[in-house]
Amino acid sequence: MYAISMFHTALALLLAPLLLGIINQTKAFFAGRDGIPLLQLYYDLWKLLHKGAVYSRTTSWIFRASPVVGLAAVLVGLTLVPWGGQAALLSFEGDLILLVYLLGTMRFFTVLGALDTGSSFEGMGASREVQFSALAEPALLLALAVIVQVSGSISLSTMYAALTPALWLESGPAMIIVAAAILLIYLTENARIPVDDPNTHLELTMIHEVMVLDYSGPDLAFILYAAALKLWILGSLLVGLLLPVHGQGWFNTILFFVGMLFLAVVTGVIEASMARLRLQRVPQLLVCAGALAVLAIVLMQR
Amino acid sequence: MNLWIELLLVSLALTNLALTSLCRLETCIRVAAAQGILLGLVTVALHSPAISLHMLVLVLGIIVLKGLVFPWLLFRAMRQARVRREVEPFVSFTWSLLIGTLALPTAMWLSSRLPAAHPSHTPLLIPVALHAILAGLLLIVSRRKAITQVLGYLVMENGIYLFGIALVGEESVLVDLATLLDVFVGVFVMGIAIFHINRTFDHIDTDRLSALKDWPS
């Protein structure tokens, strides 16, 4: 039981950067380019880990701590998320709130690190990140609340274990709406395209990328790896909802992995086919995610 | 079968929410047209195994009028008035989406207080009908452009129609046909009125009509 959960966690640690490679490959395919190599993030991480870090004299220990705290938070978060129809490595009552707050801690320290550099540019990115996540976090909790309502449990592993094909037949519309809400949150939290463009490094529109401009060497590697793991965590929340399969076995592991790959391709297609929203429209998108979650709660209520 | 009805009703609720949050008039009109077509499909799904001939005529009338004729009239009015989007509504789009969302629990609560005449229908029918009425009201009071207000009126009528089939069932055909005619005349007249308002005042912002004067000040 524990062995397979540990295997799944190890799989996430190993394969999370691959998802970003697949997203980039999909985008390159749609643009008719060769694109970045599939394993580029692995090469980058390897290269960065062998470099030294440069710190500005205006920064304090907060700036140095923030990548480490971010990676630690997201690693703990990873052990809470059920994957492949199996319980997570750790599970207890109320761990969904811990997961949301671990992601919040990671964001908080990234923001603090950005403010610590004293650059007005990074301050702007930090302000936007906080504004959008203040709207995305309640939406995520509301969406998880729907699953809580369905399963009658407040532990992620038992919540996801209660999702069955029969439930999908019984209340399909509500489940589709929850999935749509989680997809919107997944795109926002991972700074993907309708909200933020991961490719622009020096534009006034960027949000997440601007906050990590001053990091170099191993610190940047930690940040990139933590971002990949965050994509994996939120992705597995969505895939777990859409693939209500349970039980042990290689089949489920492979099915879930194909689901994650498919999600990465879908993300790439969204990025290739949509333009980034205007900054003023982003809060509306997030309110929309919250509205969808509320709609699902009301549908489940009757 | 029940699942399909629910899917249609949830899509109807989603079109209500979409209308409260969209700013481009073109998209708004398309969504309203989709809502009209969904309304026809809901009627078919509710009466599905044994649907009578006059019900079928009513459904066809609904789909043709609300899905094709009204959008065409509204697109025409939009082109003539040369407006493309709703700018600066009285209530911002984000807030109207929030209010529209809160209207849903309100509709649920209201419908739980109402005794239904045909309890065999799906429990979602009356809440969605009430939600459409509330969303239509919201559109009417919170928007500046006359076209969006006409859309609000349409959405409200859709809600009343849904309420009608939930409460009365098949006997309401005559009433429904009469309402359909009323709405048709309403939209038709508004289409012409918008054109004339626009030609006289160079805009269709209704809030500025309250300051009419005989001479320019």
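The largest pocket of this predicted model holds about 900 Å³ of space. A pocket here is an open set of points, on a 1 Å grid over the protein atoms alone, where a 1.4 Å probe fits and protein lies on both sides within 12 Å along at least five of seven lines. Its volume is the space filled by probe spheres set on the points, with grid points joined across faces, edges and corners. The lining, meaning residues with an atom within 4 Å of a point, comprises 33 residues, and Leu20(A), Leu41(A), Pro198(A), Glu209(A) and Leu224(A) lie nearest the centre. Two or more lining residues come from each of helix 1 (2–31), helix 2 (40–49), helix 9 (208–211) and helix 10 (217–242) of chain A. Helices are DSSP runs of H or I with at least four residues, strands are runs of E with at least two, and both are numbered from the N terminus. Helix 10 of chain A supplies the largest share of this lining, 7 residues. By class, the lining has 17 nonpolar, 8 polar and 8 charged residues; Ala, Val, Leu, Ile, Met, Phe, Trp, Tyr, Cys and Pro count as nonpolar, Asp, Glu, Lys and Arg as charged, and the others, Gly among them, as polar.

The second largest pocket contains about 440 Å³ of space. Of its 19 lining residues, Leu184(A), Gln284(A), Leu285(A), Cys288(A) and Ser21(B) lie nearest the centre. Helix 8 (172–189) and helix 12 (282–301) of chain A, together with helix 1 (2–21) of chain B, each give two or more residues to this lining. The most, 5 residues, come from helix 12 of chain A. The lining divides into 16 nonpolar, 2 polar and 1 charged residues.

Chain B has 7 helices and 0 strands. Of its 217 residues, 51% count as buried, that is, under 20% relative accessible area with a 1.4 Å probe and protein chains only. Where contact means heavy atoms within 4.5 Å, 77% of the contacts in chain B between residues at least 6 apart in sequence join residues at least 24 apart.

Helix 3 of chain B (residues 53–81) has 29 residues and should span 42 Å at 1.5 Å a residue, which agrees with the 40 Å between its end C-alpha atoms. The expected span is 1.5 Å times one less than the number of residues. This helix bends by about 35 degrees at Leu65(B), the bend being the angle between axes fitted to the seven residues ending there and the seven starting there. Just after helix 3 of chain B, Arg82(B) takes a positive phi of about 55 degrees.

Residues are numbered from 1 along each chain as its sequence is written, and chains are lettered from A and ligands numbered from 1 in the order in which they are written. Local features need pLDDT of at least 70, side-chain atom pairs count only at pLDDT 80 or more, and totals for chains, interfaces and linings use all residues, while side-chain values use heavy atoms, with hydrogens and water left out.

Notes. Buried means under 20% relative accessible area, exposed over 50%, partly exposed in between (1.4 Å probe, protein chains only).
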